[in-house]
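Open the model in your viewer and keep the sequence panel beside it. The tour below goes from one selection to the next and says what is there.

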Amino acid sequence: MSPHLILRVVSKLLIPMIVVFGFYVQFHGDFGPGGGFQAGVIIAVAVILYALIFGMEEARRAVPPAVVRYGAALGVLIYASVGVATLFMNGAGEPLNFLDYDALHPDQGQHTGQHYGILLVELGVLTTVASVMLAIFYAFAGRVPDIPDEEW
Amino acid sequence: MDMLASLLPAGIAVHAPALIVVIPLIMAAVAAFMPKGLWAWGVTLVTAIAVAVLSLNILGQVSTGGVISYAMGGWLPPAGIELRVDMLNVPLLLLVGIVGLLCVIYALPSVADEIAKKQQALFYSAFLVCFAGLLGVTITGDAFNVFVFLEISSISTYTIIAMGAGKDRRALTASYNYLVLGTIGATFFVIGVGFLYMATGTLNIADMAAVLEQNGHDRVTQAAFAFIVVGLGLKAAMFPLHVWLPNAYAFAPNFVTAFLASTATKVAFYALIRFVFSVFHPEVNFVAMSFTWLFAVVGVVAMMVASMQAVFQTDARRLLAYSSVAQVGYMMLGLGMGTAAGLSASMLHLMNHALMKGALFMALGAFALNFGVRRVKDLAGLGQTMPASSAAFTVASLSLVGVPLTVGFTSKWYLVTAALERGWWWAVAALMISSLLALAYVARLLSAIWMETPPAGKAGIAPARRLAPWMVLAPMSLLAFANIYFFFHADPLVGLARAAANAVMGGN
């Protein structure tokens, strides 16, 4: 029987919920406290918890370091390309400035474009923050070997 | 100028102030995706060309159409973030753009030699982030935004300096020292900005100045001034706050040293000018006091002490790094005169110094690339084995001393004229003594290069001539040539420097 069985069972239950909560924080970000930074950290925490309980090898298989590296860059790309996209999508005929989210949706009265814009930007933040948190964790945790199960 | 202004189609030119920061930032992410260093270098080169073109275009736009103000996200200043270009920051944009491009060309062989293959793509990515940060500090019209971009550039600078660890592990401690001091500097700066926000209720630089003029300067703004001067002074390597610089320059990869020496401290110095002149008024009592008793004094002490320290260095890059601290002293002295002439001399020296130090560090990089030499005594005989690089090095180092027929003479001439206009004879004397000290340390380098014989190789055979790769030679020779060219055609640079000083001092 595997050691720390309870920890494993409980964390298996918790991890999906942590991720769901992360997304809740993400999408609630434009109405209340929350947003990409916090959500990114929470989602990274889910993976870190997985690594703590099941070991670095398992975590590396679930979220490979290459994914982490490209994720960090991808988030910045999402973020910046929202700004660049607004340069090309001229809202209401007149040219808009960099990061003017109003260009993203024709409904100017409700400022729907502003909502879309912040959601997209926060998505980029989420990707980068989660990836960078994991990259830091991998870099530090990868330096010492895992404690073998017998030594617990 | 009209030609430059119409360099780009109108649709792009309108957004040029935003694009010049955004393109390097996006390309940094793209470079991180690249599987090979060469591809990442390609991305970097394309970016640097785009930035150079944009900076030329912005110069054209500003000189024909006046100040550009760009509202980020359509949120109008002072509430929104404003990108603002006037004649003061145009020279800096040009400097970062064009010297940056030359450095990037130089980077390929140098980085291939110094950085592990696996890390090259990420190295270029970090460099582009630094590039974007420096351009951001230069172009933004928002005080808090200055802090953000300053941190963006600094944090990536710590990384790229630490990557010199492949050749010399001391790069790690140098970078760590810089990290600690740089963070303290950034904290001081942001505390100062916080005080200013408290006193004025705005973060827009132009708006701050307007509110301060109306409300007068109270204790809070005086504290803000002190914090900002210390914070930015640290970034600009103002004399007692320069201790991070020599090691950072000595152990960073050669390309990084060449780039940072010609741009990073200059951008911080620009930010200092922007705050001292545009936010706080130079005629306010405590600001005027700080000119004479802080900037001028610190400048003169830097010119003496740092030059003296440079004379006794054994590492060639450390020697030039101390000389950089001394040259920052010249700029501080110009700033401390508090006159339009002094400030324009200071701006002129800023640009000229970038030309000299760019060429000098590139040449030292070429020596290191071919022979792996770093110490002054190892430079022996390079005049025979690498004549082209040595010639470029010689021109730039004569310019550093301020020998006639080089730009170094031009900017020292303007500094001396400005000092005499102010009646500061002691400053003229300090300039002369410091130039003599510069002659002393440059003579050490040049005599090693030209007078001594190259060390005999195996079996007593003198080493053959070895040409540096053309990608190293071309940008280096161009910079060295610029050191002579702008002596004979001083008008463009002097004009830029005058316009910069007038932009903040008013008058003509």
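This is a predicted model: local features need pLDDT of at least 70, side-chain atom pairs count only at pLDDT 80 or more; totals for chains, interfaces and linings use all residues.

**Stop 1: helix α1 of chain A**

Select residues 5–28 of chain A, which form helix α1. The helix has 24 residues and reaches 35 Å from its first C-alpha to its last, close to the 34 Å expected at 1.5 Å a residue. Now look at Leu14(A), where α1(A) has a kink of about 25 degrees. Then colour Gly22(A), Val25(A) and Gln26(A), which are buried residues of α1(A).

**Stop 2: Ala46 of chain A**

Move to helix α2 of chain A, residues 36–54, and pick out Ala46(A) in it. Is Ala46(A) buried or exposed? Ala46(A) is buried, because 21 other C-beta atoms lie within 10 Å and the cut-off for buried is 20 or more. Leaving aside neighbours within four places in sequence, Ala46(A) is in contact with Ile15(A), Ile18(A), Val19(A) and Gly22(A). Gly22(A) was also one of the buried residues at the previous stop. Next, draw a distance from Ala46(A) to Tyr138(A): the two are 92 residues apart in sequence, and their C-alpha atoms are 14 Å apart in space.

**Stop 3: chain A as a whole**

Zoom out and show chain A as a cartoon. How many helices and strands does chain A have? There are five helices and zero strands, so the order from the N terminus is α-α-α-α-α. The radius of gyration of chain A is 20 Å, well over the 15 Å that the globule rule gives for 152 residues, so chain A is more spread out than a compact globule. Along the principal axes, the C-alpha atoms of chain A fill a box of roughly 70 × 25 × 20 Å. Of the 152 residues in chain A, 33% count as buried. Among contacts in chain A between residues at least 6 apart in sequence, 59% join residues at least 24 apart.

**Stop 4: where the chains meet**

Show both chains and select the residues in contact between them. Chain A gives 15 residues to this contact and chain B gives 14 residues. On the side of chain B that touches chain A, α3 (16–33) and β1 (68–71) each supply at least two residues. The largest share of that side, seven residues, comes from α3(B). By class, the side of chain B that touches chain A has eleven nonpolar, three polar and no charged residues.

**Stop 5: two strands of chain B**

One pair to highlight is Ala71(B) with its bridge partner in β2(B), Glu82(B). Side chains in a regular strand alternate between the two faces of the sheet. In β2(B), residues 82–85, both faces are covered. Glu82(B) and Arg84(B) are buried on one side, and Leu83(B) and Val85(B) are buried on the other.

**Stop 6: Ala380 of chain B**

Finally, select Ala380(B), in the loop between α15 (340–371) and α16 (382–385) of chain B. Ala380(B) is buried, with 20 other C-beta atoms within 10 Å. Not counting residues up to four places away in sequence, Ala380(B) touches Ala448(B), Glu452(B), Thr453(B), Pro454(B) and Pro455(B).

Technical notes. Residues are numbered from 1 along each chain as its sequence is written. Chains are lettered from A and ligands numbered from 1 in the order in which they are written. Two residues are in contact if their C-beta atoms, placed from the backbone, lie within 7 Å. Helices (H or I, at least four residues) and strands (E, at least two) are DSSP runs, numbered from the N terminus. Ala, Val, Leu, Ile, Met, Phe, Trp, Tyr, Cys and Pro count as nonpolar, Asp, Glu, Lys and Arg as charged, and the others, Gly among them, as polar. A residue is buried if 20 or more other C-beta atoms lie within 10 Å of its own, exposed if 12 or fewer, and partly exposed in between; C-beta atoms are placed from the backbone. The radius of gyration is taken over C-alpha atoms; the globule rule is 2.2 Å times the number of residues to the power 0.38. Two strands pair if DSSP finds at least two bridges between them. The expected span of a helix is 1.5 Å times one less than its number of residues. The bend at a residue is the angle between axes fitted to the seven residues ending there and the seven starting there.
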